[in-house]
Amino acid sequence: MTLHQIPNTIKTDSFWMPFTANRQFKKAPRLFSSAEGMHYTTVDGRKVIDGSAGLWCVNAGHGRKQIAAAVERQLMTLDFAPTFQMGHPLAFDFAERLAEIAPKGLDRIFFTNSGSESVDTALKIALAYHRVRGEATRTKLIGRERGYHGVGFGGISVGGISPNRKMWSASMVPGVDHLSHTHDLQKNAFSRGEPEHGANLAEELERLVTLHDASTIAAVIIEPIAGSTGVLISPKGYLKRIREICDKHGILLIFDEVITGFGRTGSPFAAQEFGVTPDIITGAKGLTNGSVPMGCVLVKKGIYEAFMQGPEGAIELFHGYTYSAHPTACAAGLATLAIYEKEGLLTRAKTLARYWEDAAHALKGLPHVIDVRNYGLILGLELASIPGKVGARAFEVYTKCFDKGLLIRQTGDILALSPPLIIERPQIDQIFTTLTEVLKGL
Ligand SMILES: Cc1ncc(COP(=O)(O)O)c(C=O)c1O
């Protein structure tokens, strides 16, 4: 078979693919048929090294038998149980285990099925929290330009990516404002780790408080490292300053850790890595190693307690999903956490970060490379755009890497890498050798 040839038994018409150029893709589909460890195998039998942990989720690598066995066992024991006015033991076990690895104090866990649902849940909890405390005027939410918080109406409203918003601009959640993003190539290009410049941008929150008044603001939501918009690492001191301003004005701080959670930065959560504790954390992806869809919202005990008022027989939060704490997802999640713990994966990125960083910064000077930025096992590689064709250059790199057996992510003219946390040094070498070859050949 030639490259991209797919068996003619596969018809591509009916599947409307998400976040995909459907017509272009279906002319030359890139299809995986199996995966193990650090690698995918394509339907035409080629091995592809996974430079992006699928979509930032397969942190323990592919094909983990322990997870598969736990899922199978669970399906045959208790395939489904409601968690509305009912329960099952794994839901409680999993929440307890998550509370153990969460930043101190965030020990109340709400389960969802995706990052988008985690974000909408977190925003709803924040709004309801102020209301149950008698501060119902706190209805505004603050997001950031270039933020990505999934695709629910809440998430796109606080998010800051124009194509994700423009079709629905008249249907956004009202009362949302945005901070500026912190991406500044002039000052911070080729930063290693947290960029030096930009902490002052946190002061914009004070400006928004002055504009709207603190009594109207419920929460600020921020990705400690913005991933989908092209790996934007918060500048030194920025998150700490945002925390201080939130504290000063009684505003809740939500960290969206859908991609930074579960070891990506070198700590279980970026909150621990950067020493800044938010009030709420959203998670998903690495929660089950990508094996079964699931999300989580980690909430400070005090917020949970604020809801535990009124008659004991009254439902405290009118929110939840049929599949919140689905038994199969909980089984997958518990098995995932056991692997993370046994193999030290929640902190392994720290031991590889320097090697990863040096390999990444060796790309400086290659054709069209205008920035390399990294943290933990994350890389953002920014290329100069072809005038009038934003994204075309990075897309070419993306497809050429795939043809040479490397999976990465592309957004605009930025390439993002976030390999499974089981990666070994020779595999890091392989990834950067491929990238170098492709960039040199542009
Ligand atoms: C920071 C962040 N929040 C939310 C989401 C949405 O997660 P999902 O695609 O599972 O809904 C993502 C997905 O990439 C994300 O990166």
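## An exposed methionine and its patch

M167 is exposed, its relative accessible area being 62%, where exposed stands for over 50%, buried for under 20% and partly exposed for what lies in between, with a 1.4 Å probe and protein chains only. This residue sits in the loop between α7 (162-165) and β6 (176-179); helices (H or I, at least four residues) and strands (E, at least two) are DSSP runs numbered from the N terminus. Together with F153 and W168, M167 forms a nonpolar surface patch of about 360 Å² of accessible area. Patches take residues with over 30% relative accessible area and no salt bridge, joining like charges within 9 Å and nonpolar side chains (Val, Leu, Ile, Met, Phe, Trp, Tyr) within 5 Å.

The model is predicted, so that local features need pLDDT of at least 70 and side-chain atom pairs count only at pLDDT 80 or more, while totals for chains, interfaces and linings use all residues. Residues are numbered from 1 along each chain as its sequence is written, and side-chain values use heavy atoms, with hydrogens and water left out.

## The ligand

Among the polar contacts, which are pairs of N or O atoms within 3.5 Å, an oxygen atom of the ligand lies 2.6 Å from a side-chain N or O atom of S116, and a ligand oxygen is 2.8 Å from a polar backbone atom of G115. A polar side-chain atom of K285 is 3.0 Å from an oxygen atom of the ligand. Taken alone, the ligand exposes 380 Å², of which the protein buries 83%, areas being computed by the Shrake-Rupley method with a 1.4 Å probe.

## Salt bridges

The structure holds 27 salt bridges, each a side-chain nitrogen of Lys or Arg within 4 Å of a carboxyl oxygen of Asp or Glu. In one of them, the closest N and O atoms of E343 and R64 are 2.4 Å apart; because E343 lies in the loop between α13 (327-342) and α14 (345-361) and R64 in the loop between α2 (53-56) and α3 (65-77), the pair ties together parts that are 279 residues apart in sequence.

K350 and E273 also form a salt bridge, with closest N and O atoms 2.7 Å apart, and this pair links helix α14 with helix α11 (residues 270-274) across 77 residues. K350 is partly exposed at 45% relative accessible area, whereas E273 is buried at 18%.

Key: Polar contact = N/O pair within 3.5 Å; in protein donor to acceptor, adjacent residues only side chain to side chain.
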